[in-house]
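This briefing goes through selected sites of one structure, grouped by topic. Please keep the sequence and the coordinates at hand while reading.

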Amino acid sequence: MKELVYCIFFIGLLACGGQQEKVTNSIAEGQDFEKFKSEFIDSMWNMNPISASFQGMHDFDEKLPIPNEARSQSELNFAEVWLNKLGAFDYSQLTDYDKIDYHLIEDDLKNTFFYLNDFKSGEWNPSSYNLGGIFFQVINFQKHSIEKRLEDLSEKLNHVEAYYAQAKININRPTEVHTNLAIQQLDGSKTIFNKTLLDSLNASSKDEKFKQAFTDKVDKAIVAIDDYKNFLQVNYINKLADSATFISFRIGKDLYSKKFDAEIQSAYSANEVFEAAVEEKGDLHEKMFRLSDMLWEKYFGDVEKPGGRFDQIQMVINEVAKSHVHRDSFMTSIRQQIPELVAFVNENDLITLDTKKPLVVRETPEYMRGFTGASISTPGPYDADAETYYNVTPLDHYNPEEAESYLKEYNNYTFQILNIHEAIPGHYTQLVFSNQSHSLIKSIMGNGAMIEGWAVYAERMMLEAGYGGDQLEMGLMYYKWNLRTVCNTILDYGIQMLDYTEADAMQLLMREAFQEKSEAEGKWRRARLSQVQLCSYFSGYYEIMQLREELQEKMSEEFDLKKFHEEFLSYGSAPVKYIRKLMLRKLELSRNQLQIVLQPLP
Ligand code: ZN
């Protein structure tokens, strides 16, 4: 642990990044773990060219694996071979920093068996066969010339027909909600082929012969997509009345528990996180009730209070939510707010923001719609200079009533918290740090709960720092927003483990989480499409808050919020439980060092 001791002397002067650690790595112990990692990553991308492109690694852009039996077998073999190689290392001899990488690789490889042998979403989730995103990812990679991108895509296009023919074989009994999503997204996906790709083709310097051949391939790809869509329509959607057509969107208790462990990688079980969420819900209701009391007179004068707690909170929320932007200026308002958040973070010295990295606010591309209203698309660690997009779905498809409901949910207060979450200092800031962390493994194998947990933590931290001033409305709306992440966990667990019905979900979301109808209906849809992911927000947040409290207690006066944030993020998007181990170990080492420095006095 020599390298960590070096850092200690500089504590207080500079953030202890991983650079020194990397130099002395495990080679010193006679094991070349660095070389192993590098070979593993190369083989992994060769095996998973689609994931590679999404991570900004574009060496295999021309490949499109056909999702057949032979492919599954080679993925399983890959996992077995590399688990054996990993097992040959003496874990106890690795640095703490490498131990995290060891766990991440091991967890990832073991998950291959779970997803291919147990989870098998390729049989029941038709929306997993959506090629729009990957073709967009390749054509959008600015570091390759447009001609090179088109050559890669021309090769990739050769396999689209076989890809969809295999998809039709793989689908066994899908769920209704995933089938509907697939049909919706495939239409958006087609525009990537017949618009985005062809626009690039026309703008390129490729000769007429290439252009003609490419166009023919695009035409064939469109036919294949339409054929797949038609297959879903005729075989499933049109037979809706037949109860044997679809399987339930509930994956079952056993698979859910396993998926929770595989994806969340929490120090806690699904049940423990659920119970913590239920307790938190009670606390939030208490706080909201007090604030609604304080705001009552401002909005209702001497009108008598309704009596019930939920009714009172809901009535005040309804009034406060009337303050919102116009539907046509939703996107513009987001663009305007980003610099204000930057200024607040800087003035309050909360975390160092990298001003060189561009954040582009754009309309969510068609092929990505139907899941969330706002999201961040980030370049991977290989392509860290590429643009980061803040995707905002425009309100065009809403009728006036729906738009009003949506805007009340994203009113002038929650709208700001949304921007904190998605952009600054939430996802966008975290992902910039993650790409700068010195471990490719930690950047590539990002943990969803850590990533979402950070964004949720960022909201809380901004409010604690005084964001929103002393506006009681901001406090009330923040708790409402926070209640949403808490209820996401309760809903996800409830649907999969406690058989929540749609009525149960609506009671939870609309009555106990005070959500607008559109939001609640969207969440009910999303909760049936994904499993476990909705738990990531609260579980990551819960563990970060616990870690901060633990360090504050141990360090008391020494604790520095900005340093905590920067050190926490410097480990990349690793699970919080592993980051916690490293941060506590570093603290322990710095304490020991201090004692050695102080001891020599006679
Ligand atoms: Zn998020």
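Along the chain, the donors of the zinc ion follow the spacing H-x5-H-x24-E. The model is a predicted one, in which local features need pLDDT of at least 70 and side-chain atom pairs count only at pLDDT 80 or more, while totals for chains, interfaces and linings use all residues. Residues are numbered from 1 along each chain as its sequence is written, and side-chain values use heavy atoms, with hydrogens and water left out.

**Zinc site**

- The protein donors are His421 (NE2), His427 (NE2), Glu452 (OE) and Glu452 (OE), at 2.0 to 2.8 Å from the zinc ion.
- Donors are N, O and S atoms within 2.8 Å of the metal (3.2 Å for Na, K and Ca); water is not among the atoms, so sites may look incomplete.
- The angles among the four donor atoms run from 51 to 153°, and the site is irregular.
- Four donors count as tetrahedral if all angles lie between 85 and 135 degrees; four count as square planar and six as octahedral if opposite donors are over 155 degrees apart and all others between 65 and 115; anything else is irregular.
- His421 is buried at a relative accessible area of 6%, and His427 is buried with a value of 6%.
- Buried means under 20% relative accessible area and exposed over 50%, with partly exposed in between (1.4 Å probe, protein chains only).

**Lys37**

- Lys37 sits in helix α3 (residues 33-47); helices (H or I, at least four residues) and strands (E, at least two) are DSSP runs, numbered from the N terminus.
- Lys37 is buried, its relative accessible area being 7%.
- The side chains of Lys37 and Asp101 form a polar contact of 2.7 Å.
- A polar contact is a pair of N or O atoms within 3.5 Å; within protein, one must be able to donate a hydrogen and the other to accept it, and residues adjacent in sequence count only if both atoms are side-chain atoms.

**Lys322**

- Lys322 lies in the loop between α15 (309-320) and α16 (330-347).
- Its side chain makes a polar contact of 3.1 Å with that of Glu319.

**Strand β2**

- In β2 (residues 374-377), Ala374 and Ile376 are buried on one side, and Ser375 and Ser377 are buried on the other.
- β2 runs antiparallel to β3 (residues 388-392) and is joined to it by four bridges; strands pair if DSSP finds at least two bridges between them.
- Ile376 has Tyr390 of β3 as its bridge partner.
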